[in-house]
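Q: Hi! Could you walk me through this structure?
A: Happy to, here it is.

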Amino acid sequence: MGTNGSTMLEPLRQGLPPLDPTAVSNAASCALPARYEAVREARQFTRRTLDQWEVGHRFDDVCLVVSELVTNALRHALPAVPPRPPAQDGHQPPQVRLHLMRWTERLVCAVRDPSNDSPVAREADDFSAESGRGLFLVDSFCDSWGWHPLAGTLSGKVVWAMFRLQPAG
């Protein structure tokens, strides 16, 4: 049921994948610093988490997608938000955060960032474009992906990717 590249250029805004959040069997998240070493930290966090959940065999695909989503968040979302010290009430300014969630047969990685701009994939044949191809990689390696704005008083968005897992046994 996969799509071929051309239908994916303007990703539809989608809510989180159709999974019951109360049925999640494992969840982990980490805050990432606003610098490019964060991509390495995200990979290490993903490796540790997947090993702990005994789904390390999916690490290569998941790691590639996590790297792209985190890189996109750092590249596109953070320059728009100047670094600020914590507010008087101790609240941290918005940041990039990686969430990993596992259901029995699904794994979702989601990256939260402070930008309200929607992620847009560039034309695949525009090889002069330096960025934008990452979303084609994301689409190739995961089963589905999408994004949604953060709710309530939070500004920013979440970009997520879902992977199917083989049932154990």
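A: Let's start with F59, which is buried at a relative accessible area of 10%. Buried means under 20% relative accessible area, exposed over 50%, and partly exposed in between (1.4 Å probe, protein chains only). Please keep in mind that this is a predicted model, where local features need pLDDT of at least 70 and side-chain atom pairs count only at pLDDT 80 or more, while totals for chains, interfaces and linings use all residues. Residues are numbered from 1 along each chain as its sequence is written, and side-chain values use heavy atoms, with hydrogens and water left out.

Q: Got it. Where does F59 lie?
A: F59 is part of helix 2. Helices (H or I, at least four residues) and strands (E, at least two) are DSSP runs, numbered from the N terminus.

Q: And which residues is F59 in contact with?
A: Setting aside neighbours within four places in sequence, F59 contacts R43, T46, R47 and L50. Contact means heavy atoms within 4.5 Å. There is also a C-alpha to C-alpha distance of 9.7 Å between F59 and T49, which are 10 residues apart in sequence.

Q: What lies over the face of F59?
A: That's R47, at 3.8 Å from the ring centre. A charge sits over a ring if NZ of Lys or CZ of Arg is within 6 Å of the ring centre and within 35 degrees of the ring normal.

Q: How many aromatic pairs are there?
A: The count is zero aromatic pairs. Rings of Phe, Tyr and Trp (its six-membered ring) pair if their centres lie within 6.5 Å; planes under 30 degrees apart count as stacked, over 60 as edge-to-face and the rest as tilted.

Q: Tell me about helix 1. How many residues does it have?
A: Helix 1 has 16 residues, and from its first C-alpha to its last it reaches 23 Å, close to the 22 Å expected at 1.5 Å a residue. The expected span is 1.5 Å times one less than the number of residues.

Q: Which residues of helix 1 are buried?
A: A38, V39, A42, F45, T46, T49 and L50 are buried there. They sit on the same side of helix 1, because they cover an arc of only 125 degrees around the axis. The arc is that of the directions from the helix axis to the C-beta atoms.

Q: What comes just after helix 1?
A: Just after helix 1, E54 takes a positive phi of about 60 degrees, and E54 is a residue other than glycine. E54 belongs to the loop between helix 1 (37-52) and helix 2 (59-77).

Q: Is E54 buried or exposed?
A: Exposed: E54 has a relative accessible area of 68%.

Q: Let's zoom out. What's the overall secondary structure of the protein?
A: It comes to three helices and five strands, and from the N terminus on the elements run β-α-α-β-β-α-β-β. Of the 169 residues, 43% count as buried. Among contacts between residues at least 6 apart in sequence, 67% join residues at least 24 apart.

Q: How about the accessible surface?
A: The protein has about 9800 Å² of accessible surface, with 51% of that belonging to carbon and sulfur atoms. Accessible areas come from the Shrake-Rupley method with a 1.4 Å probe; for residues, only the protein chains shown count as cover.

Q: Now the loops. Where is T104 found?
A: T104 is in the loop between strand 2 (96-102) and strand 3 (106-113). T104 is exposed, with a relative accessible area of 60%. Leaving out neighbours within four places in sequence, T104 is in contact with S25 and L165. The C-alpha atoms of T104 and L165 are 7.5 Å apart, although 61 residues separate them along the chain.

Q: And is L150 buried or exposed?
A: L150 is buried, at a relative accessible area of 17%, in the loop between strand 4 and strand 5 (157-164). Not counting residues up to four places away in sequence, L150 touches R112, D113, S155, G156, K157 and V158.
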